[in-house]
Amino acid sequence: MTSGAEKIVNDFLNAWPRRNLGELTSFFTDDCVYHNIPMVPARGKAEIRAMFESFLAVADSIELKVLKSAATGDVVFNERIDIFTRGPRRLELPVAGVFELSGGKISGWREYFDLASWESFAK
């Protein structure tokens, strides 16, 4: 059975293929911190939106597939494969994510992945 927090996170992850920045940022609190651990954290919706724009700019399509998920209260952990395509190129990036929710919105998000794989694709 999926918790309410897991449903919110899954709804957010499932929104990526639609590439709608307004929809994607609507899942976040105004003061959310999004940290791709090897990178500088994005703080607040404006910085998060800018980071998302950079992802959308380098990929023709984005799909985030959850392999495993667990929740305790308002914290959701998941293991995913994030799939990015650009023309004939494809990156299947293993990711571990930690989401913290507050008031039904994502207030903190940390991602753990191989930065070199992403940078090689994003060139």
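Student: In which strand is Ile83 found, and what makes Ile83 count as buried?

Tutor: Ile83 is found in strand β4, a strand being a DSSP run of E of at least two residues, numbered from the N terminus. Ile83 has a relative accessibility of 5%, and buried means under 20% relative accessible area with a 1.4 Å probe and protein chains only, so Ile83 counts as buried. This is a predicted model, in which local features need pLDDT of at least 70, side-chain atom pairs count only at pLDDT 80 or more, and totals for chains, interfaces and linings use all residues. Residues are numbered from 1 along each chain as its sequence is written, and side-chain values use heavy atoms, with hydrogens and water left out.

Student: Which residues is Ile83 in contact with, leaving aside neighbours within four places in sequence?

Tutor: Contact means heavy atoms within 4.5 Å, and on that basis Ile83 is in contact with Ser61, Ile62, Glu63, Lys65, Arg90, Leu91 and Glu92. The C-alpha atoms of Ile83 and Val66 are separated by 11 Å, the two residues being 17 apart along the chain.

Student: What does Trp118 touch, not counting residues up to four places away in sequence?

Tutor: Trp118 touches Phe55, Val58, Phe84, Leu91, Leu93 and Phe113.

Student: Which residues touch the most other members of the largest nonpolar core?

Tutor: A nonpolar core is a set of buried Ala, Val, Leu, Ile, Met, Phe, Trp, Tyr and Cys residues joined through side-chain atoms within 4.5 Å; the largest has 35 residues, of which Phe12, Trp16, Phe28, Phe52, Phe99, Ile106 and Trp118 touch the most other members. Helix α3, residues 44-58, gives the largest share of this core, six residues.

Conventions. Buried < 20%, exposed > 50% of the residue type's maximum accessible area, 1.4 Å probe, protein only. Helix = DSSP H or I, 4+ residues; strand = E, 2+ residues; numbered from the N terminus.
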